[in-house]
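This report describes a strand arrangement and the surroundings of selected residues. Please consult the sequence and structure shown here.

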Amino acid sequence: MVSGTVWAAYMTGISAPAVDFDYPETRVIEAGLGGYTRAERSRLMKQAQELLAHEDAILVAHYYTHPDLQELADSSGGLVADSLEMARFGSTQSARTLVVAGVRFMGETAKILNPEKRILMPSLEAECSLDLGCPIEPFSAFCDEHLDRTVVVYANTSAAVKARADWVVTSSCAVRIISHLMDQEEKILWAPDRHLGHYLQRVTGADMALWQGHCVVHDEFKSRKLGELVSEHPEAAVLVHPESPEDVIDMADVVGSTTALIQACQKLPHPTFIVATDRQIFHKMQQAAPGRNFIEAPTGGEGATCKSCAHCPWMAMNDLTRLIETLETGSNEIHVDEDVRRRALRSTRRMIEFTAH
């Protein structure tokens, strides 16, 4: 479990009010969760590969997308990765078009870093609760109230929010960057995920003012039910993404980004892993550690509403059919205002350059 000494770090009481948004109940659909016959899937995969080649396009897919898209990216010279590696990848490719299978902020990040490329997505309606919960107007007002603080935002934010920030981070580099800023004796304004913000405070000891956003997937994991599951599987290691609530993080053997959790299931000797993040990560985990057992961390328990359970409904909007339609029509292209893009590039490039070293 995580050392108790780590959690003794200083925490400031400054926080921003949570921003409500309308959860898109009508979008909680099963798109991208299968439903094809074997012959249909084979035909669609071949058609998608041919369209990618014809359009001089390369597919970048997040670990939380359906295995069909992950396999397509792997087999066609693309990439399956976390947000940081997705951001890095596009700049290294000569392809004229990047197809980003994920959620909208990932497509915007690709455009911020690659303005000369055409950026397409299977669906422009694939949003992120963290992004939606941090609109630029109230966020900018929060920044104006704390002008003495360095503004650090999670990658799960809009281009406009990134443009207001000094730094962008992902979960795979956040601890290193916050620790670096703390060494410079800088006070931090953090947005949008409150759970990740608290985790960073506790690990680094940084003075942080927190925006009160949350991920609709990770916020649903419940410690009481997790404890019961651990009792049923004493041989299991618990892997937790830091967007999860504090009491769930406290039960973890490993806390980390999607990439870190995949690496953990390769390195740890446990035969079973209980995983508190989006269940689509199991595809890469099973490839990385064949023969191991993977169990979803429970979302049941007191206070659980299970709007999303262990899979993001917006990620589920990415499927083969929509990908093919996008490539055939050129629809769902990402555009970012040039002034916003240039300002967002500064904070995003800081992350890329910092992690390169």
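## Sheet and helix

Ile 188 stands opposite Met 208 in β8. Strand β7 (residues 188-191) and β8 run parallel and are joined by three bridges; strands count as paired if DSSP finds at least two bridges between them. The model is predicted: local features need pLDDT of at least 70, side-chain atom pairs count only at pLDDT 80 or more, and totals for chains, interfaces and linings use all residues. Residues are numbered from 1 along each chain as its sequence is written, and side-chain values use heavy atoms, leaving out hydrogens and water.

The order β6-β5-β7-β8 forms an open sheet of four strands with parallel pairing. Its edge strands, β6 (167-169) and β8, each pair on one side only. From one strand to the next, the twist averages 25 degrees. Helix α8 (residues 174-183) lies across β5 (150-154), β6, β7 and β8, and runs at about 150 degrees to β6. Helices (H or I, at least four residues) and strands (E, at least two) are DSSP runs numbered from the N terminus. Axes are lines fitted to C-alpha atoms, for helices over the stretch in contact, with angles from 0 to 180 degrees between N-to-C directions; contact means heavy atoms within 4.5 Å.

## Leu 210

Leu 210 belongs to strand β8 (residues 208-210). Leu 210 counts as buried because its relative accessibility is 1%, where buried means under 20% relative accessible area (1.4 Å probe, protein chains only).

## Cysteines

Zero disulfides are found in the whole structure; a disulfide is a pair of cysteine sulfur atoms within 2.5 Å. The sulfur of Cys 128 has its closest cysteine sulfur in Cys 215, 6.5 Å away and therefore too far for a bond. Cys 128 is buried at 10% relative accessibility, and Cys 215 is buried with a relative accessible area of 11%.

How values were computed: Buried < 20%, exposed > 50% of the residue type's maximum accessible area, 1.4 Å probe, protein only.
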